[in-house]
Amino acid sequence: EQLPQVFGHYDYKSRNLFIRRHPDDRREVIAVDWGDCGIGPLGGDLAMLVGCTAFFNDWAPERVAELDAATYDAYRHGLFDAGWQGREEHVRLAYLIWSALYFGPPMAAAVEFALQEENRDAFLRLMGCPPEQYIPAAVALCDFALNCADEAYGLMARLDL
């Protein structure tokens, strides 16, 4: 609540983003499924893009830190290029908190859902792999979330929050 609030999509993931190529070879990103959009804390769209893309196996979850590294600077630069004048540390902190909260504790519920036999077919369609194969992905996302929480804690201490 203390972090800057922004308008966001809040359901960014690779499945909701498309690249349109124009005749002059210019590319444009198109976002669909705006049902969750609204005002919320800074960092949410990036956390959803990184975490959900790995969560849905559209990016190897064990490589989620690489996706984080590849997207964070672009997100930060995009904010500043659009005229945002807040503190850079708040951008990182907000993103880390979102990532820790959305991809840490909820993973236990995701694993529980996955392991219920009546959910097996739905899980296969959604994730593209059997539930037992998904467990290492869930562990990788939990590790990522814990690393985000650890970094956020250190950043909050440096910012005296």
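Reader: At what angle do the axes of helix α5 and helix α6 cross?

Author: At roughly 55 degrees, with the axes of α5 (residues 120–127) and α6 (residues 131–159) coming within 10 Å. A word on the source: this is a predicted model, where local features need pLDDT of at least 70, side-chain atom pairs count only at pLDDT 80 or more, and totals for chains, interfaces and linings use all residues. Residues are numbered from 1 along each chain as its sequence is written, and side-chain values use heavy atoms, leaving out hydrogens and water.

Reader: Why are α5 and α6 called oblique?

Author: Angles under 35 degrees count as roughly parallel, over 145 as roughly antiparallel, 65 to 115 as roughly perpendicular and the rest as oblique. The angle here is roughly 55 degrees, and α5 and α6 are therefore oblique to each other.

Reader: Which residues make the contact of α5 with α6?

Author: R120, F123 and M127 come from α5, while P131, E132 and Y134 come from α6; contact means heavy atoms within 4.5 Å. By class, that gives four nonpolar, no polar and two charged residues. Ala, Val, Leu, Ile, Met, Phe, Trp, Tyr, Cys and Pro count as nonpolar, Asp, Glu, Lys and Arg as charged, and the others, Gly among them, as polar.

Reader: What makes α4 and α6 roughly antiparallel?

Author: Helix α4 (residues 106–115) packs with α6 at an angle of about 180 degrees, their axes 10 Å apart. That value falls in the antiparallel range, so α4 and α6 are roughly antiparallel to each other. M107, V111, A114 and L115 of α4 touch P131, Y134, I135, A138, L141 and C142 of α6. This contact has ten nonpolar residues, no polar ones and no charged ones.

Reader: Now the rings: why is the pair of Y10 and W98 called stacked?

Author: Rings of Phe, Tyr and Trp (its six-membered ring) pair if their centres lie within 6.5 Å; planes under 30 degrees apart count as stacked, over 60 as edge-to-face and the rest as tilted. The centres of the Y10 and W98 rings are 5.5 Å apart and the planes are at 10 degrees, so the pair is stacked. Y10 sits in the loop between β1 (5–8) and β2 (17–21) and W98 in helix α3 (residues 88–103), so the pair ties together parts 88 residues apart in sequence.

Reader: How do you know whether Y10 is buried or exposed?

Author: Buried means under 20% relative accessible area, exposed over 50%, partly exposed in between (1.4 Å probe, protein chains only). Y10 has 12% relative accessibility, so Y10 counts as buried. W98 is buried too, with a relative accessible area of 12%.

Reader: What makes the pair of Y72 and Y95 tilted?

Author: The planes of Y72 and Y95 are at 35 degrees, with 5.9 Å from centre to centre, and that makes a tilted pair. Y72 is in helix α2 (residues 64–81) and Y95 in helix α3, 23 residues apart. Both Y72 and Y95 are buried.

Reader: Which residues do ring pairs link into a cluster?

Author: F55, F56, F123 and Y134.

Reader: Last one: what is the phi of D25, and where does D25 lie?

Author: Phi of D25 is positive, about 75 degrees, although D25 is not a glycine. Most residues other than glycine have a negative phi. D25 lies in the loop between β2 and β3 (27–31). With a relative accessible area of 49%, D25 is partly exposed.

Conventions: Axes are lines fitted to C-alpha atoms, for helices over the stretch in contact, and angles run from 0 to 180 degrees between N-to-C directions. Helices (H or I, at least four residues) and strands (E, at least two) are DSSP runs, numbered from the N terminus.
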